[in-house]
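Here is a short briefing on one structure. Please look it over before reading the notes.

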Amino acid sequence: MKILVTGAAGFIGYHLCERLLSLGHIVVGLDNINDYYDVNLKYARLKNLGIAENDIEYNKAIISDLHGETFQFVKMNLEDQINLPLLFEIQNFDIVCNLAAQAGVRYSIEQPMKYVESNIVGFVNLLECVRHAGVKKLVYASSSSVYGMNKKIPFSTEDNVDYPISMYAATKKSNELMAHTYSHLFGIETIGLRFFTVYGPWGRPDMAMFLFTEAILNDKPIKVFNDGNLSRDFTYIDDIIEGVVATLLVERKEKTSYSLYNIGNSKPVKLMDFIEAIEKTTQKSSIKEMYPMQPGDVEKTWADTESLEMDYRYKPDTSIQDGVDSFIDWFNSYYFK
């Protein structure tokens, strides 16, 4: 099939492109390569997909040096209401996977308009393109942040999520509502995926895994929020990709036009245990600076993935130590080669 992957230069998007290509699909990657974090990391991911930085121009389809016609990359903003519809007309996609978004919980408190432009205006524009191009299936990234201060654990897609505590979470909740509207009105199958703290090789520099590893290896202090009384459902990238690919390619027995799933490890890890796993692999002790709870943060996340397991036989199997080992192997090879 021909599949559009937005956010293709991002952490999850890059890994998804690699996996879909290995399965023999034709992939078109789209990304605006914004500077929210180091663009060199984004260009390095694209280089692994056969796309040279010097060849990239806005709204120019580039054919991969490694994969030929089976992978093309286009630099474009999701909110581009002129060129995105034209891309859909030219490419005739079978499925769309939207992983493009302005990421970051804390940054959304400082720069809310960036989230409105990319995550709301951009998502509506994408829905319109899917609708008018006749694409029958859209899988899109939501987030565990939509659960806000939910006290019930594990978090279930049946829970009320009307109380987001960051602008990022609010935009992700809005995506789910808009997807529901388009499924109802136009018969488009939409599947929203609430990701839980994704980590692994090629991960984002603003995430805890990256920040802690970099600081520990360089004998710098790490910031530990809420005095370390946090736990996260850390989910290794390969397990995330397994779930995304299943929702894209597997036909459910009982298909509904609108669905939501949690994608997580379903095994919350205490922040201090996470730090200890990094210390074990690096063979270095961390210097901890304790900070209070930050605006937009929650104390605990824990994914109920029962529906994903039932519909797609999804079951993560990467332990936190194995995942940390793999990330640090990549980190050392990328930064100290």
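Predicted model: local features only at pLDDT ≥ 70, side-chain atom pairs only at ≥ 80, totals over all residues.

Residues are numbered from 1 along each chain as its sequence is written, and side-chain values use heavy atoms, with hydrogens and water left out.

**Helix pair**

- Helix α1 (residues 11-22) packs with helix α8 (residues 237-249) at an angle of about 60°, and their axes are 10 Å apart.
- Helices here are DSSP runs of H or I with at least four residues, and strands are runs of E with at least two.
- Axes are lines fitted to C-alpha atoms, for helices over the stretch in contact, and angles run from 0 to 180 degrees between N-to-C directions.
- In α1, the residues F11, I12, H15, L16, R19 and L20 meet I237, I240, I241, V244, V245, L248 and L249 of α8, where contact means heavy atoms within 4.5 Å.
- The residues of this contact comprise 11 nonpolar, 1 polar and 1 charged (Ala, Val, Leu, Ile, Met, Phe, Trp, Tyr, Cys and Pro count as nonpolar, Asp, Glu, Lys and Arg as charged, and the others, Gly among them, as polar).

**Cavity lining**

- V198, Y199, G200, G203, R204, M207, M209, F210 and F327 line the largest cavity (a set of points on a 1 Å grid over the protein atoms alone where a 1.4 Å probe fits but cannot get out; lining residues have an atom within 4 Å of a point).
- At least two lining residues come from each of β8 (198-199) and α7 (208-217).
- By class, the lining has 6 nonpolar, 2 polar and 1 charged.

Definitions and conventions:
1 Å grid on protein atoms, 1.4 Å probe; cavity = no way out; pocket = protein on both sides within 12 Å on 5 of 7 lines; lining within 4 Å.
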